[in-house]
Amino acid sequence: MTNNSILDGSTVFDPGRVKITSTEHSHNTPFFFHVQKFWEFIYVDSGFALLGGSGESVLLSGGDMAVVAPGERHSLICPGSTVMHCLLFEDKELGSMKDEIFTLPGFVELSLRARVLEDERARAKNARYESIRLDYSERGEFIRLCRGIRTERVNKGKGWQQLVKSYLCQVMVFYSRLDIAAKRTEKTAEGTKSLYARIIKYLEENYRNNITGVELSRELGLSQEHLAKQFRSELDITPADYIRRYRVAKSMELLCGTDMPVNEVAQSCGFVDMSAFSRVFKMFEGDTPSNFRKRQKFGK
């Protein structure tokens, strides 16, 4: 069921046009692993998506961004109701500004990632993606720039390709102004003081188990009410909602990427029984796990 495609620019960019494009859509294409020869900025506006590499996966919730460098093997899977903005581009379109931009904060590491991935062994070790949590003003700005690119590509007024390049430069500066190190530390660093990060870490490490609110509050040393309030302030959902989404996303990964029996998928992802699995899965995807697997297998 798993595809290991290599996508070059001809698959996403118009021939003879600027190699920059942006999409806004419900991501309902079949699950697949692939390597692409261009950059991709992924922002989840609503719903959730599981971004996977060679090893661990990361759940992108509404408000999360991730960056995929050229050469990185990855997959992206989510319910059909998820809405995301994806910006895809070849960095040569930055022209003479390319070298300057990739010395800005946040881009030095990305540039190194792209170079390391030229080595096959190093690429195989690149297993973990990270999400970057945007605040509300940052979300609006990224969406504005992506929509600007889409508008110019549709209308094709005079100088539209130059304007699209200008929007791309603005996106790059926007990204460089994000406090990436702080945002990453909040969510992924060991020993972080962020309650939100501690909850995420615990849920994603224990999603296969039957996690209760009492157990979670005891583990973190907080009341259930305070814990839920703090978590909701970050994601607008409760820890219980998050773990349900994570389990569904992981089950989608297994349903599409393996031949594991559906009942074993349910057990592997922490669902107490098939009835609970089917009910929660259908709540997010609108169909049963078995039918979802059939649709992805036959590309429907």
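Mentor: Helices (H or I, at least four residues) and strands (E, at least two) are DSSP runs, numbered from the N terminus. This is a predicted model, where local features need pLDDT of at least 70, side-chain atom pairs count only at pLDDT 80 or more, and totals for chains, interfaces and linings use all residues. Residues are numbered from 1 along each chain as its sequence is written, and side-chain values use heavy atoms, with hydrogens and water left out.

Trainee: Which helix is Gln296 in?
Mentor: Gln296 belongs to helix α13, residues 289-298.

Trainee: Buried or exposed?
Mentor: Gln296 is buried, at a relative accessible area of 12%; buried means under 20%, exposed over 50%, partly exposed in between (1.4 Å probe, protein chains only).

Trainee: Switching to rings. How many aromatic pairs?
Mentor: There are 15. Rings of Phe, Tyr and Trp (its six-membered ring) pair if their centres lie within 6.5 Å; planes under 30 degrees apart count as stacked, over 60 as edge-to-face and the rest as tilted.

Trainee: Why is the pair Phe107 and Tyr175 tilted?
Mentor: Their planes are at 55°, so the pair is tilted, and the ring centres are 5.2 Å apart. Phe107 is in helix α2 (residues 107-116) and Tyr175 in helix α5 (residues 160-177), 68 residues apart. Both Phe107 and Tyr175 are buried.

Trainee: Which aromatic cluster are they in?
Mentor: One formed by Trp39, Phe41, Phe89, Phe102, Phe107 and Tyr175.
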